[in-house]
Amino acid sequence: MRFKSLMLIKPYCLAAILVILYVGNAFSQSDAIPDTENCLLCHRYPSMGRFDKKGIKRIFYINDKKFANSVHGNLRCKSCHVGLDEIPHTDIKKVDCSTKCHVKEPSTNKEFSHINMIEKYQASVHGKGNKAKPISFPEDLPTCKDCHNNSMYIPFSGMWGKSEALSNETLGRCFGCHPEKQWAKKFYSHFTQRMRRRRSPVEIIVLCTRCHEDSEKMARHGLETVDTYKDTFHWAQVKFGVENAPDCISCHAPVGYTTHDIRPRTDAISPINPANRVKTCSNQGGLQTCHPGATAGFAGGRVHAYGVKAQMVAGKEIADTENLDMSLVRKRAESDISAQEAFYYTILEYIRLFYKVLIGGTIGFMCLHQFLAYRSGRRKHGKTG
Amino acid sequence: MSNKDLNPEVSAHNSAGPETGKRYFIRLNLSERLQHFILFACFIVLAVTGFMVMLPEVVAQAFGGASETVFFYRGILHRIAGIILISVGMYHFLYLLFTRAGRRWLIDMLPRPRDLKDMIFNMFYYLGFKKEPPEFDRFSYKQKFEYVALIAGSIIMSATGLLLWTEYKWSKFILDIATLVHGMEAILACLAIMIWHLFEVYLLPRKSSISKTWITGLIDEDEMKDEFAAQYKKIMDDPALQKIYIHGEDPADQKAKTPLEVKITDLARIH
Amino acid sequence: MMSKVGKAMKKFPAFLFKFVTIVLFCIFGLWLLKLVYFPELELKKSVAAVQPSEKEDLFGHILKRKGPVPQSHFHLVDEYVAQPEPYPPVCMTCHGTYPHSKGEKVRSLLNAHTGFVACSVCHTRMDPGDEGMDFAWVDRKSGMITTQFQGGYGKYSAKIYPVTLGAGGSKEIFRPVDEKDAQKFIDLKAKFTPDQIAEAKIKLHSHITEKPVFCNDCHKKEGYFDFAKLGFPLQRIDHLNSTEVVGLIAKYEKFYFPSAIDFGLEKPLE
């Protein structure tokens, strides 16, 4: 079992995320929300909250300014928290993101909801499945909130500057025709928010590895952990915080795909399906043209380094531990790793072994030789060396 | 305090004999020293920029906001140093074939059965089974071993490095091998350089504390007798060789100088 | 003699330089060897910190949770959700940041109050006639009694504590549970028998009143608190006693009334 992990970086990133959660960026400060429902009477107290039946800490605090500047800032509480009529809230329902939230979607003029994304997501590899297509351990699969929080609008940066100046200048032009300033700000923020990636590559890695690092959870679904990503040069770039560095979504949801529609390698429309690999690796049309001349041979290979599955197919014994049932992984490994790949893995392991022996032997001999040389040198020249 | 004490190295030389009457032997000519210097500089740049990729996350994050820039220049520098190193390697190849000094170098460097014998006897000497060390010719078995390792290493590193540079053209399997070999070979090279070469020239107890041969190209007679006794005898027996290897014998360079008197301007003069 | 010392002194920088370079080379060399032979070494540590231990149990997952904000919290929070506590918050050491969990309907609201009133305010009921007792703000950072506090709506830089009035108007924070004893109890807990724990708990909490101060004790005119004396502006006092707040409380009272602290069962009055 290879114990590898991207976790070391997590404390830093979590701290960074927490800072974002705490501080955010109060760009284009909208005034606090018009609290027509008077929810803030109670919910503005930071220590409001409790532990729920599952033992999860529930924070019932709303920072009104941050909420007003968030992507959901123009919604009333009850738009999402449907049916809260009683005080105290005995009639609480779980928020359903597919709820129509009384906002008109301008292109169709119909009531808006996240149903489009949710349907795509359900069809994706992360979907919880349904009666027709049941999935084991559906509780392992991420829900909206596992990846999304109510993020705040961030001033657009890039090309001409990283400050609010760019936003101020652009917005100034908008106000000429659109006198309702609050509306214009929201509209502008809505677009600019989508002109950049919400998360840095490191944040993406942290997000995905929350689950994909958990060997127990992965084994339940016949998957290996993604720790071998760390053996790639892709990771080296992410580690150094290179902008547009290849993180998970760069390959699993490149240009033309959405993160909600990540599909397994076997799926014909998946960007990591061997048939689509050349396009994915070259990432033509994306901000970052990664490997523009990618050949089929280059794109056809395994990007994450060989991991547990390759070891299994190559004949290495991977023992089940007390809480890790590897049988499903073993089964999936047989179909996932071709004989050729197992051969490749074996060759690489032999090269590694060769070098381990070579380095050990050479360096061992050298150390011994030099130690003796040093001793005899001291005998001859005294200790003034 | 006498004037001698100001510089331990001067005093070390002075105690070895009168300065002016001393003979110096040429180990490296200007071209060789330049090749060595470029190789040396490139090697350091390559090692630093190369192993940066392997730094633990925490260290990589420590660069803070500059880390992206650092990483960018890391890549550029690594490639530049790589190209220079490959060029020096090719120049050295031509040097070996097309210059007289190069051909002498090649012939002296060729491994011989005698080297194996030397090595065994030398180990016996180190262990105290023999009183005297074997007499080495111009290049001892240590230096030949290192030279062969350097050439093999450079070829492997250059080849895998070029493969990785043009990654999109090759199959992923080839790249996997290249990545692995490039990394492992780099580790081997760094360790070998540190343990074998730096130790030899920097740490080993000897008369002068740090060998200056890589700058001046010269070693003094005592050291010559000590370390390359076979070559010393050969030179002393052969006036033609004396002309080549003894510093100052060349009519172009009449005034004999101690290594310490050699200044930067002198470096431009080919021995 | 002098020249020998002088010689050594002259040689020292060269020696130091050599020593430092050798140490650096050694570290670098060991790191390289680690890369070859133990590439997973540093990761193992981090895995151990985050991944469930070999013997995964109930608490393994809990130990993994870190930070004041749970992973899947949706709304943005700020630094106030995890404000520093004045003094060692000994109550919260055992009872947590959300100590109220029993009264299903009212627990969140009561927890909301923990941000600006100390536990001892409600859980030690004072005699209204007692001249020796009062309430005062205690600064969150220094832990000192203060009259200065910034912020509003639970985001104050201080917290209200009961204080005892000494001679000459000196004030001291009243602590119903002795901080040192409580800490001792926490340290010794594992050595106690269950009966000893029960006894210790009762002894520790002997100053905790059975019936805590409840909403409408304060949220009324001339209630338990003198809001004005604590420095609340008039407008705010009016709001705290307004029909909006009091009406809300009345609603709660309909189905919830706090029970005495009797290890467990709330008694809904309906």
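Me: Where do H4 and H5 of chain B meet, and at what angle do their axes cross?
Reply: The axes of helix H4 (residues 67-98) and helix H5 (residues 100-109) of chain B come within 5 Å and cross at roughly 95°. Axes are lines fitted to C-alpha atoms, for helices over the stretch in contact, with angles from 0 to 180 degrees between N-to-C directions. Helices (H or I, at least four residues) and strands (E, at least two) are DSSP runs, numbered from the N terminus. This is a predicted model, in which local features need pLDDT of at least 70 and side-chain atom pairs count only at pLDDT 80 or more, while totals for chains, interfaces and linings use all residues. Residues are numbered from 1 along each chain as its sequence is written, and chains are lettered from A and ligands numbered from 1 in the order in which they are written.

Me: Parallel or perpendicular, then?
Reply: H4(B) and H5(B) are roughly perpendicular to each other. Angles of 65 to 115 degrees get that label; under 35 counts as roughly parallel, over 145 as roughly antiparallel, and the rest as oblique.

Me: Which residues meet?
Reply: From H4(B), Tyr95(B), Leu96(B), Leu97(B) and Phe98(B); from H5(B), Gly102(B), Arg103(B), Trp105(B) and Leu106(B). Contact means C-beta atoms, placed from the backbone, within 7 Å. By class, the residues of this contact are six nonpolar, one polar and one charged. Ala, Val, Leu, Ile, Met, Phe, Trp, Tyr, Cys and Pro count as nonpolar, Asp, Glu, Lys and Arg as charged, and the others, Gly among them, as polar.

Me: What are the domains of chain B?
Reply: Domain 1 (29-109) and domain 2 (140-204). Such bounds come from an automatic or database domain assignment. The C-alpha centres of the two domains of chain B lie 11 Å apart.

Me: How many residues are in contact between them?
Reply: Eight residues of domain 1 of chain B are in contact with eight residues of domain 2 of chain B. On the domain 1 side, helix H2 (30-51) and H4 of chain B give two or more residues each. H4(B) gives the most, with five residues. That side has four nonpolar, three polar and one charged residues.

Me: And chain C, how are its domains set out?
Reply: Chain C has domain 1 (74-177) and domain 2 (214-255), with 17 Å between their centres, taken over C-alpha atoms. The contact takes six residues from domain 1 of chain C and five residues from domain 2 of chain C.

Me: How far apart are the domain centres in chain A?
Reply: 62 Å, taken over C-alpha atoms. The domains of chain A are domain 1 (25-153) and domain 2 (344-384). Chain A has 17 helices and four strands.

Me: Which residues touch the most other members in the largest nonpolar core?
Reply: Ile187(B), Cys190(B), Leu191(B), Ala192(B) and Ile195(B), in a core of 40 residues. H8(B) gives the most to this core, with 18 residues. A nonpolar core is a set of buried Ala, Val, Leu, Ile, Met, Phe, Trp, Tyr and Cys residues joined through C-beta atoms within 7 Å. Buried means 20 or more other C-beta atoms within 10 Å of the residue's own, exposed 12 or fewer, and partly exposed in between, with C-beta atoms placed from the backbone.

Me: What is Ala192(B) in contact with?
Reply: Leaving aside neighbours within four places in sequence, Ala192(B) is in contact with Thr362(A), Met366(A) and Ala149(B).

Note on methods: Two residues are in contact if their C-beta atoms, placed from the backbone, lie within 7 Å.
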